[in-house]
Amino acid sequence: QVKNKTSVIYESVADEFLVKPSKENLENTKKKFNLNCDFLLYTGVWRDHKNVVGLIKAFGNLLNPPCQEDFKAPLTRGVGGLQLVITGREDPFYPEVKETVKALKLENDVVFTGLVPEEELLSLYHLCKAYVFPSFYEGFGLPVLEAFACDKPLICSDKSSLLEIAGKDNAVFFNPYDINDIVEKMSIVLNDELLQEKLIENGQKRLKDFSWRKMADLIFDIYKNTQ
């Protein structure tokens with residue numbers, strides 16, 4: 001009989017994320033989406049559990065603090081300012097995403113790219129100032145490893161699998177149910193270059209814990225030991 005019927009085996013990041021995009025691809029992506037300043041990046045589907053609306057609300061408060069003494073907006077709008085880039089196909093069953101942008105008058109600050117090909121997605125990762133992952137729930141959380149692979153600071157939800165995958169010292173975590181906490185953590189990272197460097201360095205080290213070879217070896221061992 002098998003004593004332990006459940007084994008935890010981690011996947012890894014796609015090999016494409018281990019190659020830096022060409023300068024031409026980076027410039028083409030910037031021009032295509034009119035990225036004229038620093039930006040925060042979110043990638044993925046538009047679903048309630050992804051908390052995209054919460055991210056947009058937090059970003060709105062980052063640009064327009066409800067109380068100027070509470071938060072210091074790290075950058076101003078427009079050229080030389082800060083944008084939020086959201087990838088993924090628009091979901092007709094989740095209209096709150098664009099409705100929130102309109103309600104907060106963020107049309108010039110939030111960029112919707114739609115579904116992008118792999119090379120543009122990779123360029124967006126490399127161009128962003130930081131990656132923000134606001135999910136209430138994730139089964140694994142591949143964007144964590146993608147951000148690490150692209151040398152980007154990770155600002156991340158502390159729920160479900162994300163603390164485990166990222167590792168507590170490799171990202172700045174927030175409570176995704178608390179808009180003020182998301183704002184505060186984004187502001188902290190954006191205003192601290194030394195912290196950004198530390199997160200990038202730690203993320204690269206953490207990435208080494210995940211590999212397709214290690215995954216294959218573990219799966220092979222399970223099959224071998226259950227025969």
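Select asparagine 170, in the loop between helix H6 (162–166) and strand S6 (172–174); helices (H or I, at least four residues) and strands (E, at least two) are DSSP runs numbered from the N terminus. The model is predicted: local features need pLDDT of at least 70 and side-chain atom pairs count only at pLDDT 80 or more, while totals for chains, interfaces and linings use all residues. Residues are numbered from 1 along each chain as its sequence is written, and side-chain values use heavy atoms, without hydrogens and water.

Asparagine 170 has a relative accessible area of 11% and is buried (under 20%; exposed is over 50%, partly exposed in between, with a 1.4 Å probe and protein chains only). Show the backbone oxygen of alanine 166: a polar atom of the asparagine 170 side chain is 2.7 Å away. Beyond four places in sequence, the contacts of asparagine 170 (heavy atoms within 4.5 Å) are Phe148, Leu154, Leu199, Asn202, Gly203 and Arg206.

S1 runs parallel to S2 (residues 82–87), with 5 bridges between them; pairing requires at least two DSSP bridges. Within this pair, tyrosine 42 is opposite isoleucine 86. S4 (residues 130–133) is also parallel to S1, joined by 2 bridges, and here leucine 41 has tyrosine 131 as its bridge partner.

Finish at lysine 50, in the loop between S1 and helix H2 (52–63). Lysine 50 is buried, at 11% relative accessible area. Leaving out neighbours within four places in sequence, its contacts include Tyr42, Phe133 and Glu138.

Methods: Polar contact = N/O pair within 3.5 Å; in protein donor to acceptor, adjacent residues only side chain to side chain.
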